[in-house]
Amino acid sequence: MRADPPTPPADSDALMRSAVDALLARDLVRARELIRRAVAIGHVDGALMEAALTANGSGGPADWRAALALLDVAAASDPVAAAQRALVRAMAIDATGEPTATPTGEVLSASPSIVRYPRLLSPAECAHLASVAGGLLEPATVVDPASGRRIAHPVRTSDGAVIGPAREDLVVRAINLRIAAVSGLPVAHGEPLAVLRYRPGQQYRPHLDTIAGEANQRVATVLVYLNEGYGGGETVFPAAGVTITPRGGDAVMFVNTDANGRPDERARHAGLPVTRGAKWLATRWIRRAPIDPWTIGAPA
């Protein structure tokens, strides 16, 4: 009797394509299973995604230790994973990825509350965020209510990208945990980290970060300047009389709502036009209650 031919090995790229489809369908448990199978047969990028999803709890409980173990395995053969592992090792974090200490802030305004945290991020961490977002940048747009088409954003003229859960590698995750510590609210209250790039002439005109009619309001914002050495680009709060000259690694946290939870007009602010070079900025909007990061921005 002739034996059946052996089953051919699974295609790791095909498994990852199926995993991405599952992510798009928000079947996170199925996506994790497919990624695990792809990693088992050698998919390198899948290993980094598996570590990210394990750390942030997509498709299962958040488990920093397990994510770190996955990154350790990937780092043995992948230089990208090794670089991420080196950055994580350099961080002052505990066994769960939380910062071991919350930095002391400098109060720039008591009402509205505006606090600066000097050097919250290291130069290497800033460069990592810019690198992760660099290939995802797109011009800022909004949906035209009349035509339903996307048009140029009338207030923000930068290029931007959102680092969604599938790209929230362990470096980004640890940074988000540090930002959460600064904000005083759990990491689950934060939207996915947004990275913006402003080139000469680009700006963010005066605006509030709150969302009209939103029940789960953006109660606070944390800005992190990722570089320096360009011209212009100051952050201005006219009502508070505060102008901030960006410095790489510095963070600014400000409260967007008043004592009654309503948008606070005094928190209106602007990013002045860049006159020379390029300004890189990371923004994390903090909500009143936890949010599902898979409902904001792209999954990968």
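Tutor: The questions below take up several terms in turn; please keep in mind that this is a predicted model.

Student: Why are phenylalanine 237 and phenylalanine 254 called an edge-to-face aromatic pair?

Tutor: Two rings pair if their centres lie within 6.5 Å, and planes over 60 degrees apart count as edge-to-face. Here the centres are 4.9 Å apart and the planes stand at 75° to each other. A search of the whole structure finds 1 aromatic pair.

Student: What makes this pair a tie between parts of the chain?

Tutor: Phenylalanine 237 belongs to strand E11 (residues 235-237), whereas phenylalanine 254 belongs to strand E13 (residues 251-255). The pair therefore ties together parts that are 17 residues apart in sequence.

Student: How do you know whether phenylalanine 237 is buried or exposed?

Tutor: Buried means under 20% relative accessible area. Phenylalanine 237 has a value of 1%, so it is buried. For phenylalanine 254 the value is 1%, and that residue is therefore buried as well.

Student: Why is arginine 218 said to lie over the face of tryptophan 285?

Tutor: The rule asks that CZ of Arg be within 6 Å of the ring centre and within 35 degrees of the ring normal. Arginine 218 is at 4.0 Å from the ring centre of tryptophan 285, and it is listed as lying over the face. Lysine 279 likewise lies over the face of tyrosine 198, at 5.1 Å from the ring centre.

Student: What makes E8 and E12 edge strands?

Tutor: The open sheet has 4 strands in the order E8-E14-E11-E12, with antiparallel pairing. Strand E8 (204-207) and strand E12 (242-244) each have a single partner strand, so one side of each is left without a neighbour in the sheet. From one strand to the next, the twist averages 10°.

Student: Why is the contact between arginine 36 and glutamate 50 called a salt bridge?

Tutor: A salt bridge needs a side-chain nitrogen of Lys or Arg within 4 Å of a carboxyl oxygen of Asp or Glu. The closest N and O atoms of arginine 36 and glutamate 50 are 2.5 Å apart, so the contact qualifies. Arginine 36 lies in helix H2 (residues 28-40) and glutamate 50 in helix H3 (residues 44-56), so the pair ties together parts that are 14 residues apart in sequence. By this rule the count comes to 16 salt bridges.

Student: What makes arginine 287 and glutamate 214 a salt bridge?

Tutor: Their N to O distance is 3.7 Å, and the limit is 4 Å, so the contact counts. Arginine 287 lies in strand E16 (residues 279-287) and glutamate 214 in the loop between E8 and E9, so parts 73 residues apart in sequence are tied together. Salt bridges that share partners join Glu191, Glu214, Arg218 and Arg287 into one network.

Student: Why is strand E6 called largely enclosed?

Tutor: In strand E6 (residues 159-163), 4 of the 5 residues are buried, so the strand is largely enclosed by the rest of the structure. E6 pairs with strand E3 (residues 138-139) in the antiparallel sense over 2 bridges. With strand E7 (residues 193-198), E6 pairs in the antiparallel sense over 5 bridges. In E7, arginine 197 is the bridge partner of aspartate 159.

Student: How do you know that histidine 207 and aspartate 209 make a polar contact?

Tutor: The limit for a pair of N or O atoms is 3.5 Å. The side chains of histidine 207 and aspartate 209 are joined at 3.2 Å, so the distance is within that limit. Histidine 207 is in strand E8 and, at 8% relative accessibility, counts as buried.

Note on methods: Residues numbered from 1 in each chain as written. Predicted model: local features only at pLDDT ≥ 70, side-chain atom pairs only at ≥ 80, totals over all residues. Heavy atoms only, no water. Phe/Tyr/Trp six-rings, centres within 6.5 Å; stacked < 30°, edge-to-face > 60°. Buried < 20%, exposed > 50% of the residue type's maximum accessible area, 1.4 Å probe, protein only. Pairing = 2+ DSSP bridges. Axes fitted to C-alpha atoms, helices over the stretch in contact; angles between N-to-C directions. Polar contact = N/O pair within 3.5 Å; in protein donor to acceptor, adjacent residues only side chain to side chain.
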